[in-house]
Amino acid sequence: MEKIALFPGSFDPITKGHYEIVLKGLELFDKIIIGVGVNSSKKTLYSVEQRIAMIQQVFSQYPQISVVPYEGLTVAFCKSVNAGFILRGLRSGLDFEYEQSIAFANKELDPDIETIFLLSSPSYSNISSTIVRDIIANKGDYTKFIPKGLTL
Ligand code: ADP
């Protein structure tokens, strides 16, 4: 059976940290679906359409990767796209605390879906979309923090 993972997130915008997790994930899964969260109560810098276009640009060479918007329960979305796994990245113990409670809740909601965590490299573990947005707002050089070749 094909191993399909959903990598859910806001990706506002996608960073080198996200990029690395997806590439590592490709060694484990046949397909990765990047689920771009549509959350009407969360104010984002980039629209869902912009975030999807950026991620598609970054992974255009990878037919195993698809990018889709999603809203609602993550486990319900997994079922609808046949994903048996949720992929998440961990930068620190702080991420772990937060991610563990989400993973436990998802396990209660659907025991068939397994959350898989991959650790980010030390050099990427301080990168977040929040920091990138801050650098953009202050007109700094954000290109170091986003995947090579991506234009925002
Ligand atoms: P969310 O709003 O769901 O936290 P994000 O877009 O911030 O969405 O993150 C999506 C996933 O990517 C999460 O699992 C998060 O821990 C992970 N992630 C974010 N930044 C990094 C990074 N620098 N290195 C590794 N994983 C990361």
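Predicted model: local features only at pLDDT ≥ 70, side-chain atom pairs only at ≥ 80, totals over all residues.

**A close look at one loop**

Guide: Lysine 139 is found in the segment after α5. Lysine 139 is not a glycine, yet its phi is positive, at about 60°. Most residues other than glycine have a negative phi, and most peptide bonds are trans. Lysine 139 counts as exposed because its relative accessibility is 76%, and the cut-off for exposed is over 50%.

Now to the part itself, the loop between β1 and α1, where phenylalanine 11 lies. Phenylalanine 11 also has a positive phi, near 50°, without being a glycine. Is phenylalanine 11 buried or exposed? Its relative accessible area is 3%, so it is buried, the limit for that being under 20%. Phenylalanine 11 is also listed, with Ser10, Gly89, Tyr124 and Ile127, as one of the closest of the 17 residues that surround the ligand.

With a relative accessibility of 3%, aspartate 12 counts as buried. A polar atom of its side chain lies 2.9 Å from the backbone nitrogen of tyrosine 46. Tyr46 is also among the residues that aspartate 12 touches, leaving aside those up to four places away in sequence; the others are Thr44, Leu45, Arg51, Ser129 and Arg133.

Aspartate 12 is joined to proline 13 by a cis peptide bond, with omega about 0°. Proline 13 also has its place in the loop between β1 and α1.

The loop also holds threonine 15. Threonine 15 counts as buried because its relative accessible area is 2%. Not counting residues up to four places away in sequence, threonine 15 touches Ile127, Ser128, Ser129, Val132, Phe145, Ile146 and Pro147. Ser129 is on this list and also on the list for aspartate 12. Ile127, another residue that threonine 15 touches, is one of the closest residues to the ligand.

One of these partners can be followed from its own side. Phenylalanine 145 lies in the segment after α5, which runs 129-137. At 24% relative accessibility, phenylalanine 145 is partly exposed. Phenylalanine 145 touches Thr15, Lys16, Ile127, Val132 and Ile135, again without residues up to four places away in sequence. The C-alpha atoms of phenylalanine 145 and tyrosine 46 are separated by 16 Å, and the two residues are 99 apart along the chain.

Threonine 15 also makes a contact at the start of α1, where a side-chain oxygen of threonine 15 reaches to within 3.1 Å of the backbone nitrogen of glycine 17. From here the chain continues into α1 (16-25). That helix is mostly covered, with 7 of its 10 residues buried. The buried ones are Lys16, Gly17, His18, Glu20, Ile21, Val22 and Gly25. Their cover includes the strands β1, β2 (31-37), β3 (65-70), β4 and β5 (114-119), together with α5.

β1 and α1 each supply at least two residues of the shell around the ligand, as do β4 (85-90) and α4 (93-109). The ligand sits in the largest pocket.

How values were computed:
Residues numbered from 1 in each chain as written. Heavy atoms only, no water. Helix = DSSP H or I, 4+ residues; strand = E, 2+ residues; numbered from the N terminus. Buried < 20%, exposed > 50% of the residue type's maximum accessible area, 1.4 Å probe, protein only. Contact = heavy atoms within 4.5 Å. Near = heavy atom within 4 Å. 1 Å grid on protein atoms, 1.4 Å probe; cavity = no way out; pocket = protein on both sides within 12 Å on 5 of 7 lines; lining within 4 Å. Sits in = over half its atoms within 2 Å of the grid points. Polar contact = N/O pair within 3.5 Å; in protein donor to acceptor, adjacent residues only side chain to side chain.
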